[in-house]
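Subject: Handing over a structure

Hello,

Here is the structure I promised to pass on to you. Please have it open while you read the notes below.

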Amino acid sequence: MIFPYAQKSISETLLLNEKNEFEFKATLTDIAYVTLTFDKNRPISQGGRLQWYILEPNDTISMAFDAKYFWRTMRYTGNAAPKFEYYKEDVITTNLQKDWETTAKTKLAKSKTGFYQYLVEIERLKLKLLEKYKSKVTTQFYTICKADIKSDISKKTVRAVYQEAQKRKVDVTPQLIPAAFRAALTSMASPQDSITAKSMGYPFTVMYLFMLNHPIQGVEFGDHNAYFKATKSKFHAAFAETLSSELLEEEIAFKGSKEEVLKQVIEFEKEYPNSRFLARIKNRLIEKEAFLPGKPAFAFTLPDTAAKNVQLADFKGKIVYLDFWASWCGPCLAEMKPSLKIKKHFKGHNEIVFLYISTDKNEADWKKAIAKYQITGLHVRDNQNVSNNFGVSGIPSTFIIDRNGNFQAIHPPKPSENNGKDLIKVLESALSK
């Protein structure tokens, strides 16, 4: 799959020929990220996929490898070979040898200081590896990679800070990070400019770092729309356009083609009449027509906690409250306790089903979270990328499916909103039909 900057993604299924070869060609007008999946059940470290590799127009790359020893045997030719050599060295050094993400998670469970120190060390190591290739790659590639590295580290930092704040019931502030590592982890090391705006994660990384360093009274941490609206002038023009488009796509994902969303699209077009994001935004609106009330929900078959297959069709004649979540998602877990009130209201009502679809890759983490947070309802795990069919771009994502297996509502009120009364009202309306 290819994710061209400001354009619709391209997805192709590639088949090997009699020589065990495949070929793919695409025309790019700007940078793009590519992910190549060989085996969805194998992690990156075992050669299951190449992920988030940057391509530029006119790049050519040929790869040869032994599938069993993927990273160790990978060889590259073509003018983009130095870029892929960089990625290979990064994966071998930080993923295969250090398994840095798992190690970071383990350190966080043992010592907050050890966790943040490790993140600083990994960021420095990644930057050092990139520096070796600076003279072999384009300035644009080097600059975007630096922004990507910052995004990788910041995701771990912000998530840990947010979860600690939730646990301690305090505000999200940099003071939750040990002073010795605070400056390194909360600085925006890469600048805001038209190049770093092309990084797949950096614009949102900058917003989160702004929110962490410069909170606004009355604006909850994580409320992207409210924060961006209040601070838009602080962002570079290219960042403001990128964030405006991505936040608008989030609105479309959550609300579909409601009148309020259409007004926002018109406002975006007035502000950025020549934006390259416009075509993608309008495509999102067209795609969301499949989620209108009365449209059939997407069929799926997923394993439950006992490895028994569960199908959406199993609940024909009932109302299904569908919740995409994950054990690591703070906002998801924050809604679990309020949801108990909703379930209590419908207790004994056998015509409504609370079905939770976990996007966890690790089965053990999924089951542990269910028990730890006492999440009642039916549970399945998304090992088939069902979330993609449902257009899930962020979690939690919830849907209500009617008795006929059609969409009744997408992203209805959260269990925590208005003490649960709004969601109860929507579910009761579905039951009455």
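To follow the helix pairs, take an axis as a line fitted to C-alpha atoms, for helices over the stretch in contact, with angles running from 0 to 180 degrees between N-to-C directions. Helices (H or I, at least four residues) and strands (E, at least two) are DSSP runs, numbered from the N terminus. This is a predicted model, in which local features need pLDDT of at least 70 and side-chain atom pairs count only at pLDDT 80 or more, while totals for chains, interfaces and linings use all residues. Residues are numbered from 1 along each chain as its sequence is written, and side-chain values use heavy atoms, leaving out hydrogens and water.

First, the helix pairs. Helix 10 (residues 259-271) and helix 11 (residues 278-288) have axes that come within 11 Å and cross at roughly 170°. Val261, Leu262, Val265, Phe268 and Glu269 of helix 10 meet Leu278, Ile281, Lys282 and Leu285 of helix 11, where contact means heavy atoms within 4.5 Å. The residues of this contact comprise seven nonpolar, no polar and two charged. For these classes, Ala, Val, Leu, Ile, Met, Phe, Trp, Tyr, Cys and Pro count as nonpolar, Asp, Glu, Lys and Arg as charged, and the others, Gly among them, as polar.

Helix 2 (residues 81-96) and helix 4 (residues 112-131) come within 10 Å, their axes crossing at roughly 150°, and are therefore roughly antiparallel as well. Here Tyr86, Glu89, Asp90, Thr93 and Thr94 from helix 2 meet Leu125, Lys126, Leu129 and Leu130 from helix 4. That contact has four nonpolar, two polar and three charged residues.

Next, the cysteines. There is one disulfide (a pair of cysteine sulfur atoms within 2.5 Å). Cys329 and Cys332 form it, with their sulfur atoms 2.4 Å apart. The torsion about their S-S bond is about 75°, so the disulfide is right-handed. Cys329 is buried at 4% relative accessibility (buried means under 20% relative accessible area, exposed over 50%, partly exposed in between, with a 1.4 Å probe and protein chains only). Cys332 is buried too, at 2%.

Finally, have a look at Val380, which lies in strand 10 (residues 378-381). Val380 is buried, with a relative accessible area of 1%. Leaving aside neighbours within four places in sequence, its contacts include Leu302, Tyr356 and Trp366.

Best wishes

Methods:
Angles under 35 degrees count as roughly parallel, over 145 as roughly antiparallel, 65 to 115 as roughly perpendicular and the rest as oblique.
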